[in-house]
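Trainee: Could you take me through a single part of this protein in detail, with the terms spelled out as you go?

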Amino acid sequence: MRSDDTAPAAEPENRRIGRYATTVAFNETVNAYIPPPLPPEPALELTPHLIQRLSEADRAIGRLDGVAMLLPDKALFLYMYVRKEAVLSSQIEGTQSTLDELLQYENAALTGKPLDDITEVSNYVDAMMYGLDVLRDPQGLPLCLRLLRDMHARLLQKGRGEGKNPGEFRRSQNWLGGSRPGNAHYVPPPVHEMQMCLSDFERFLHDDSALIPPLVKAGFLHVQFESIHPFLDGNGRLGRLLIALFLVENKVLQEPLLYLSLYLKTHREQYYRLLQDVRLRGHWEAWTEFFLTGVAETANNAHESAMRIVALFQADRERISASGEQTNSMLRLHGLMQTHPFLNAAQAQQKTGLSAPTVNKTFEALESLGIVNEITGRQRGRVFAYSEFLRILDSGTEVQAPQR
């Protein structure tokens, strides 16, 4: 760790502060941090201000869960929202892929060899859906270390992470930030200490005796997982997936529609500072306020997006019905593009059973209504995009060009 972070900055009696162990990594002696077991001691102080934040987050979650139940196609919204989260979570780790690129890759509307960035995002989707399926299987696992390892195996199954022991806890020392252990921003527990930290983590995960509000507990779990950093790669992405799956398992949400990656991406510096403040100073109250604020903001944004998508689909159906021409085929293609917002003629033929001439005429009719637009500029192999739908989904996932 850096010289100013080599020892706890709090009084010895502060039991919220972990301890340090000297370890050797790449021939350098460093101080590795070992977090104390959860929950924090002394217990979190639920001040009136923090109670207000918790109430706001609970209300926002309730609204989001309610609108999810009212959506005409919950699976569609989940399909798109999980992919948006996958892009954002991977961008935090440094990938440059966009939601449009992921959807094009998955739908194979535009041919081309998938990039490593897109592969990593696709892995994230696979890991999330696998975890959700296991939790919902009556014979499946609860949220536990084994399930996290299985999800990790999918997260790193191909692409740049496949050489980082997918599905296995690390057997060597890692570090965060810096070019080497000696100048790292943070050094997680040594392997022999990590195993005990993980046992304590799993025990707290399943322990309901403390009656901690689920949203607060989700925030605790995320920090602890990040501090333990049990894998060689993929810890950040899995730590963010953990939040959504925990809330589903505890029936705070029926669908995993709460993803904090956009909030964390927007407040990245504050996020990392608050994680370190918990480790060095035991500032769980400041972290919890930040986390609950993010939950409320994220849930409200997701609710707004869901309502905008529902309104868009309804308005476009009404425009199609009022057009009076090729209404049936247009409605069929419009329905298909709600799950395939990038589509070419061959795909449309295969999935709808319409003839090639009908598909081409239908695309042109939808384009004349301004519902879709052609994005290749070619006469052959044309690809059409459901532009307004994509614009709603894309919000916040744009990759910023590097500043000169």
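Mentor: Let us look closely at Asp233, which lies in the loop between α7 (214-228) and α8 (235-249), where helices are DSSP runs of H or I with at least four residues, strands are runs of E with at least two, and both are numbered from the N terminus. This is a predicted model, in which local features need pLDDT of at least 70, side-chain atom pairs count only at pLDDT 80 or more, and totals for chains, interfaces and linings use all residues. Residues are numbered from 1 along each chain as its sequence is written, and side-chain values use heavy atoms, with hydrogens and water left out.

Asp233 counts as partly exposed because its relative accessibility is 24%; buried means under 20% relative accessible area, exposed means over 50%, and partly exposed is what falls in between, with a 1.4 Å probe and protein chains only. Arg240, by contrast, is found in helix α8 and is buried, with a relative accessible area of 4%. Both residues come under the "binding site" annotation of an unreviewed UniProt entry, which also covers Glu93, His229, Tyr271 and Tyr272, among others; UniProt positions are given in the numbering used here, feature names are shortened, and such annotations may be inferred rather than shown by experiment.

Among contacts (heavy atoms within 4.5 Å) between residues at least 6 apart in sequence, 67% join residues at least 24 apart.
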